[in-house]
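Please open the model in your viewer and keep the sequence beside it, so that each selection can be found in both. The tour moves step by step through a few places.

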Amino acid sequence: MNIVKNLYAYVWPGNDNNCNSFVFKGVLNNGKHLVVDPGHLFTPSYQEPGLSRLLESMEKDGISSASIGLVILTHAHPDHCESAIVIQQEMGALVALHEAEEAAFKRAGGKVDLYLQEGALELGSNEKTDLQILHSPGHAPGHVTIYWPAEKVLIAGDCIFYRSTGRTDFPGGNAAALRSTIARLSRFDIEYLLCGHPYGNPGILKGRDKVQENFAYIQG
Ligand SMILES: [Zn+2]
């Protein structure tokens with residue numbers, strides 16, 4: 001599903017738990033693609049093929065898996081990071097995440113190529129895509145969200161869903177930190193809120209009013 005410009009969303013269509021994935025098409029040098037949160041390789045209960053479904057859907061949008069240059073992980077829970085390891089090993093992409101997620105990613109079998117820090121992330125050479133990495137702890141200690149100011153997009157990972165928030169009962173979770181993260185994110189100018197899971201809704205909220213209403217509901 002095209003969201004805006006060259007940003008595509010792949011809402012998880014299966015029955016088992018898996019994350020939503022997002023792709024910035026052609027934003028890296030040599031027309032390579034950035035994938036955010038490629039999800040499970042296979043889902044845990046029903047063994048649904050997460051990665052192959054994602055790659056098939058991407059191909060339909062003209063996004064070749066051979067040209068994935070970079071994977072950004074919002075955090076290193078298996079339902080977000082598992083496929084990154086295969087994309088890294090078999091397709092030669094680099095994997096980037098926050099340092100505070102490295103231990104979890106290593107436990108899942110991954111190796112970090114690049115560390116993300118709070119601040120600007122400028123992609124591409126001729127045509128640039130300027131993103132902002134926001135350290136957004138609470139659900140996981142090194143959770144990041146990605147803000148794209150030019151199009152007012154927030155990729156929220158597991159901080160915020162439609163009418164709910166991420167869990168804080170996993171190792172490194174912190175409810176007070178998540179409340180602060182959500183309060184901070186609610187002050188950004190957001191037209192497209194892209195959530196990490198299709199809980200109760202595909203997790204794609206379009207329009208400033210809808211996004212603000214969702215923040216208001218969550219913050220109660
Ligand atoms: Zn998670």
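Predicted model: local features only at pLDDT ≥ 70, side-chain atom pairs only at ≥ 80, totals over all residues.

Begin by selecting residues 2-4 and 7-10, which are strand 1 and strand 2; the two run antiparallel and are joined by two bridges. One of the pairs to look for is Asn-2 with its bridge partner Tyr-8 in strand 2. Two residues lie between the strands of this hairpin, where Lys-5 takes a positive phi near 45 degrees.

Stay on strand 2 and show its side chains: Leu-7 and Ala-9 point one way while Tyr-8 and Tyr-10 point the other way, and all of them are buried.

Leu-194 and Leu-154 are among the residues with the most contacts inside the largest nonpolar core, which has 55 residues.

Then bring up the open sheet of six strands, whose order is 8-9-10-11-14-15 and whose pairing is mixed. Its edges are strand 8 (119-123) and strand 15 (204-206), each of which pairs on one side only, and neighbouring strands are turned by 20 degrees against each other on average, direction ignored. Within the sheet, strand 10 (residues 144-148) pairs with strand 11 (residues 153-157) in the antiparallel sense over three bridges, and Tyr-147 has Leu-154 as its bridge partner.

Finally, select residues 208-219, where helix 5 lies across strand 14 (192-195) and strand 15, running at about 120 degrees to strand 15.

Terms used:
Residues numbered from 1 in each chain as written. Core = buried A, V, L, I, M, F, W, Y, C linked by C-beta atoms within 7 Å. Buried ≥ 20, exposed ≤ 12 C-beta atoms within 10 Å, placed from the backbone. Helix = DSSP H or I, 4+ residues; strand = E, 2+ residues; numbered from the N terminus. Pairing = 2+ DSSP bridges. Axes fitted to C-alpha atoms, helices over the stretch in contact; angles between N-to-C directions. Contact = placed C-beta atoms within 7 Å.
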